[in-house]
Every structure is written in C-alpha cells, then in structure tokens.
Amino acid sequence: MSREDGYFWDPRVELLDREEIRALQLRKLRDVLDRCTRSPFYRRWFKEAGFRPEKVRSLEDLRALPPMDKDTLRGAAPRDFLTVPLDEIVRVHSSSGTTGQATIIFHTMKDIQAWADLGARCMYMTGVRRSDVFQNMMGYGLFTGGLGFHYAAERLGAMVIPAGSGNSKRQIQLMREFGTTVIHVIPSYALYLLEVFREMGVDPRADTELRIAFIGAEPHTEDLRRRVEEAYGVDAYNSYGLSEMSGPGVAFECPRKEGMHVWEDAFILEVLDPRTLEPVGEGEEGELVFTSLHREGMPLLRYRTRDLAFTYPDVCACGRAHRRISRIKGRTDDMFIIKGVNIFPMQVEKVLLGILGVGSNYRIILETVGLRDEMRVLVEVSDKLWHGDVRELNRLREKIINELKQEILVTPLVTLVEPGSLAREEGKAVRVVDRREYVKGV
Ligand code: AMP
Ligand code: ZN
C-alpha cells in the first residue's frame, strides 16, 4: 500500500514489522550515540556512568545508561546538550510550565522538518488530506502544540488557520468563515467551547463542516472523547507528546482508537517500573521513557516522562506494528495539568509563602464549573487578618490571584478560609484534590 492508496503517509516506515523496527532503531541509536559524544553534557554523563557508546551492540545495551529527567535537564546549561554548533539552531521551545519549571529544547532546521513530518504522519493516519482546513486552537509561542502541528499540517498540504488558543467566539466565527474540517484543541477547552456555541446559537454538528478533532496535551477520559464526538459530530483522536520529545506527534491514535501508536522509528520506548527502573511486562502499567532517534540538535537519551501508561501486546488491526500505549493514567510526580498548562504545587506554595497575611496551609482544588475546568486555591489567612477589615481581605485575594497568575499562567479562583480550617492529615499533606469530571490523571 502507498500514500496514494489513502492509508499511509509513509508506508515504508509505517509498515515495518517488529524485527525491522528494532533493526532500524539500533542503526539510528548508534548514530545518535555517536553524535552525543560531541555534547559536553553527554561526554560528562557517559563518563560518570562508565558508559561506552561505541560498545553498544543491541538496544538492551542502552540500559547501562542511567535515565534522565527534568532535573537532569535543569541541572545543566541547555547549550551543553547540543551536538551541533549553536549557529545551526533555528528554534527554541519549552514545556508548558513557567520559567522556573520549564525545560528548554533547541531545534535545527532538520529537527523541525522531521517533527513536521511525524505530525503529518499522525494526521494523515486519521484521514486528514490536502483538501482539509485545519484550525489550530493550541497556544502558539514557546509551547509546542501550536507551532508543532502548524508545520505538520502545512507539510501535509492542508490549509492552516493559526487561530491559537482562547478567543472563543472568534474561534467559532473562523470555523464558519473558512469551513474548518479539522480542529486541534485541548480536551477541556473543547468541552467549554460547547457553551459558547450554545450562547451563539450555533450547532457544531449542523452549522459547521467539522469532521475530525485532535485532542491532547492533558489527560482525559474515554467519556470526554465520546462527548466531544457526539456534540461536534467528529471523530476525536487522542494525541500525546511532550516538549522534551519535540511536542505533539510522539504517539497518536489510528482509526481503531485502541491505544496510541508510538512512532518507533523516531523514538525508543521503554516502560519502566518507576521505583526499580526495570522494564515492566507488556500490558503492565509503568513510566514511559523515551530516547529520541530523529533529533540532531539536542537528542535526549532515556528521558523519564513521569507519565504512567501500559503498552498493548499485539499488532494493531490497522497493520502498523509500532507499539501502542494506553491513555495516560497518571504521573509519578505531583505535576498536574489544567487548561493544558503544567503546574507543580510547589509553584503555588512559593507564591503564597511570599505574600504577607497568608496563613500556614493551602489546598488546590481542580473542579468542573459548568463545562469549564477551574483551579481553585483555598488559602488560610493569618488570624489577625481573618478578624480584621473585609477590604483588606479582598485586597489580599486580588494580590494572590495576580501573583499566582504571573507564576503559573492560569488565572485561579481564590477562596480565603479561616486559619486552621484546612484539615491536616497525618503524613504528607494533600495539596491537590482533583474533582474534574473529564480530565484526570494527577
Ligand atoms: P509539555 O512538555 O508542556 O508538552 O507537556 C507534556 C506533558 O503533557 C506530558 O508529559 C503529559 O503529562 C501531558 N500530555 C500530553 N499529551 C497528553 C495526552 N494525550 N494525554 C495525557 N497527557 C498528555
Ligand atoms: Zn493502529
């Protein structure tokens, strides 16, 4: 079968069998390891681990290298990871946290093209074609959802509307004006947008040309997918990616919608027990760990995502032997994602600690208000303030909202509560309570 047959963007690669995939991975891995010896970070990393890249003879040999994570990335200068001169870098992206937490990834032109090609492969797999109109409702800028799939859709030849996130009424106007057929959207926002459709008296099923939705960037349930499919009259496909592996395009659902294919010509996937770092069996939940094989500027080896999922045991009925991962079931750290933005409770704590009048305890509640996800922070205030002037309490609330917004990029709801009123559990404090109906996975 070929691209013209209408099923595969890159049939040569998509139809490789398991053996061929592994052989290709080994060949690429050895090239990547060789490149890595040009990077000051990897030279150190290899030396400390006593790892000899030139000795790697099998994919399993890679396990002699300790895995890395966000802290490893933050612990070294981003430039130290480069395997090319800085001159060859044409773009920088970061994860969707704020500066303190974000990780920086550099891309060469070849990296950008390879990423776009992978994205085009994902889209093509679900039936997107040159005749489609693709409205990209992901945030543009440093985050990867916007530009990543923007270039992917152009590579495929579809017409792109670079709408960006937010501005809901305008999104709907754009859909109608240009006959949008495919949207790329954060799942919780897709739900929220339904309220706006209603307010405007527009029926997404009857009054638009929509037929496909890509939903990703945050964990969500099968239920949410069904609601989106029903309400919009589309096929909705789960899209997984992370900035450290370039962004969207790492794993994607095929029309079977039974797990997301990881493109194993571009990534080595390991699923490890997060405690022992030993591989778990197929079908068992573990942490996803990726090695990038398609990136020349800043390859990452054995990168721990902190995302928990399992792999499906058999080859997919669609004909692709690239392994499939389940929905993301949770994380091994306390990061949570709201409105597509990654947040660590520590960021909230840091802001609160810096504000006079804030008491000793707080709690973050993630909840669904109408169809919209909100982050509410309950903050104990000091005794003196609690018994003082209401205007001062209001000023404090405003200040907390503003400072949190600057740090985490999401506007929270803030409720001030009486000192001592947030129950203290034995042991580790429960900082985050997730009551969202459709978006889960803290
Ligand atoms: P970022 O580095 O900002 O792109 O964020 C990447 C993180 O977003 C991943 O490590 C996951 O935790 C989360 N994520 C991305 N796509 C999905 C998805 N389809 N389902 C669940 N979580 C996702
Ligand atoms: Zn499949």
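# Cut-offs and conclusions in a predicted model

Modeller: A polar contact of 2.7 Å links the side chains of T103 and E244. The model is predicted.

Colleague: What makes the pair T103 and E244 a polar contact?

Modeller: The limit for a pair of N or O atoms is 3.5 Å, with one able to donate a hydrogen and the other to accept it. T103 and E244 are joined at 2.7 Å, so the pair counts as a polar contact.

Colleague: Where does T103 sit?

Modeller: T103 is in the loop between strand 1 (89-94) and strand 2 (104-108).

Colleague: How do you know whether T103 is buried or exposed?

Modeller: Its relative accessible area is 1%. Buried means under 20%, so T103 is buried.

Colleague: Turn to the zinc ion. Which residues are the protein donors of ligand 2, and what makes them donors?

Modeller: They are C254 (SG), H261 (NE2), C316 (SG) and C318 (SG), at 2.1 to 2.3 Å from the zinc ion. The cut-off is 2.8 Å for N, O and S atoms, so these atoms qualify as donors.

Colleague: Why is the arrangement around the zinc ion (ligand 2) called tetrahedral?

Modeller: Four donors need all angles between 85 and 135 degrees. Here the four donor atoms subtend angles of 101 to 116 degrees. The arrangement is therefore tetrahedral.

Colleague: How are the donor residues of the zinc ion (ligand 2) spaced in sequence?

Modeller: The spacing is C-x6-H-x54-C-x1-C. H261 and C316 link distant parts of the chain, 55 residues apart. H261 lies in strand 9 (residues 260-262), and C316 in the loop between strand 12 (303-309) and strand 13 (324-325).

Colleague: Why are H261 and C316 called buried?

Modeller: H261 has a relative accessible area of 0%. C316 has 5%. The cut-off is under 20%, so H261 and C316 are buried.

Colleague: Now ligand 1. How many residues surround it, and which are the closest?

Modeller: There are 19 residues around ligand 1. The closest are S96, N238, S239, S243 and D307. Strand 7 (residues 235-242) gives the most to this shell, with five residues.

Colleague: How do the residues of the shell around ligand 1 divide?

Modeller: Six are nonpolar, nine polar and four charged.

Colleague: How much of the accessible area of ligand 1 does the protein cover?

Modeller: The cover is 94% of the 500 Å² that ligand 1 has on its own.

Colleague: What stands out in the phi of A217?

Modeller: A217 is not a glycine, yet its phi is positive, about 85 degrees. Most residues other than glycine have a negative phi. R306, in strand 12, also has a positive phi, about 70 degrees, and is not a glycine.

Colleague: Where is A217, and why is it called partly exposed?

Modeller: A217 lies in the loop between strand 6 (212-216) and helix 10 (222-232). Its relative accessibility is 42%.

Colleague: What makes D87 exposed?

Modeller: D87 has a relative accessible area of 74%. Exposed means over 50%, so D87 is exposed. D87 is in the loop between helix 4 (70-74) and strand 1. D87 and T108 are 21 residues apart in sequence and 9.0 Å apart, C-alpha to C-alpha.

Colleague: Why is N361 called buried, and which side chain does it contact?

Modeller: N361 is at 8% relative accessible area. The limit is under 20%, so N361 is buried. N361 belongs to strand 17 (residues 358-369). Its side chain has a polar contact of 2.9 Å with that of R431.

Colleague: What makes A190 buried?

Modeller: A190, in helix 8 (residues 187-200), has a relative accessible area of 1%. With the cut-off at under 20%, A190 is therefore buried. A190 and L371 are 181 residues apart in sequence, but 9.3 Å apart in space, C-alpha to C-alpha.

Note on methods. Residues are numbered from 1 along each chain as its sequence is written. Chains are lettered from A and ligands numbered from 1 in the order in which they are written. This is a predicted model: local features need pLDDT of at least 70, side-chain atom pairs count only at pLDDT 80 or more; totals for chains, interfaces and linings use all residues. Side-chain values use heavy atoms; hydrogens and water are left out. Donors are N, O and S atoms within 2.8 Å of the metal (3.2 Å for Na, K and Ca); water is not among the atoms, so sites may look incomplete. Four donors count as tetrahedral if all angles lie between 85 and 135 degrees; four count as square planar and six as octahedral if opposite donors are over 155 degrees apart and all others between 65 and 115; anything else is irregular. Helices (H or I, at least four residues) and strands (E, at least two) are DSSP runs, numbered from the N terminus. Buried means under 20% relative accessible area, exposed over 50%, partly exposed in between (1.4 Å probe, protein chains only). A residue is near a molecule or strand if one of its heavy atoms lies within 4 Å of it. Accessible areas come from the Shrake-Rupley method with a 1.4 Å probe; for residues, only the protein chains shown count as cover. Ala, Val, Leu, Ile, Met, Phe, Trp, Tyr, Cys and Pro count as nonpolar, Asp, Glu, Lys and Arg as charged, and the others, Gly among them, as polar.
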